[in-house]
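Please look through the sequence and the model shown here, and keep both in view while reading the report that follows.

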Amino acid sequence: VGACNPPTDPGRVPLDLRFLRHLPVVYVDYPGAESLRMIYGTFTHAVTDARQDVKPFGDVLTNAMVDFFMQTQEHFTAEMQPHYIYSPREMTRWVKGVGSALAQLEFCDGEMLCRIWAHEAL
C-alpha cells in the first residue's frame, strides 16, 4: 500500500488499524532545501547548459527557485486554506516551463531569463 500525499491532505481516508498492523508503514517527508538545490540544480543546469547565453545563470536560477518555494511553503499553509498544498512537483513544472520558453527563443539575456522565470512561477 502506498500513497504520494501527506496524511494531512484534504479528502484523505485513514486506513483501518487492523489492516495496517499487517503492513510496514513508512513516511518519507519532502526533501529539505539543500536536497532540493541538488535535485533542481540538476534540472536547471540541463535547461541552461544547453545554451551559452544563459549557462552562467543556472545556479542563480536554482537558488532563487528553491528560496521562493521554501518561503511560500512556509507562508501559505494548509491551515490557512486546505488547497495550499506545496509539493516539489510545482518546481518541476516551473523548470519545464522555463525550458520550453527558452527553446522558442534565439537569444536570451539575464533580464529576459528573469522575466521568463517570474512568468513561469505564476
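## A partly exposed phenylalanine

Phe19 counts as partly exposed because its relative accessibility is 40%, where buried means under 20% relative accessible area, exposed means over 50%, and partly exposed lies in between (1.4 Å probe, protein chains only). This is a predicted model, in which local features need pLDDT of at least 70 and side-chain atom pairs count only at pLDDT 80 or more, while totals for chains, interfaces and linings use all residues. Residues are numbered from 1 along each chain as its sequence is written, and side-chain values use heavy atoms, with hydrogens and water left out.

Phe19 is found in helix α1, residues 17-20; helices here are DSSP runs (H or I, at least four residues), numbered from the N terminus. Together with Leu15 and Leu23, Phe19 forms a nonpolar patch on the surface, with about 240 Å² of accessible area for the three together. Such a patch is made of residues with over 30% relative accessible area and no salt bridge, nonpolar side chains being joined within 5 Å, and accessible areas come from the Shrake-Rupley method with a 1.4 Å probe.

## A buried threonine

Thr44 has its place in helix α2, residues 33-48, and counts as buried because its relative accessible area is 2%. Leaving aside neighbours within four places in sequence, Thr44 is in contact (heavy atoms within 4.5 Å) with Gly58, Leu61, Thr62 and Val95.

The axes of helix α3 (residues 58-75) and helix α4 (residues 89-103) come within 11 Å and cross at roughly 145°, where axes are lines fitted to C-alpha atoms over the stretch in contact and angles run from 0 to 180 degrees between N-to-C directions. The contact is made by Leu61, Met65, Val66, Phe68 and Phe69 of α3, together with Met91, Trp94, Val95 and Val98 of α4.

## Salt bridges

The structure holds 4 salt bridges, each being a side-chain nitrogen of Lys or Arg within 4 Å of a carboxyl oxygen of Asp or Glu. One of them joins Arg37 and Asp67, whose closest N and O atoms are 2.7 Å apart. This pair links distant parts of the chain, with Arg37 in helix α2 and Asp67 in helix α3, 30 residues apart. Glu34, Arg37 and Asp67 are linked in a network of salt bridges.

Arg51 and Asp53 also meet in a salt bridge (2.8 Å, N to O); Arg51 is buried, with a relative accessible area of 14%, whereas Asp53 is partly exposed at 22%.

Terms used. Patch = residues over 30% accessible without salt bridge, like charges linked within 9 Å, V, L, I, M, F, W, Y side chains within 5 Å. Helix = DSSP H or I, 4+ residues; strand = E, 2+ residues; numbered from the N terminus.
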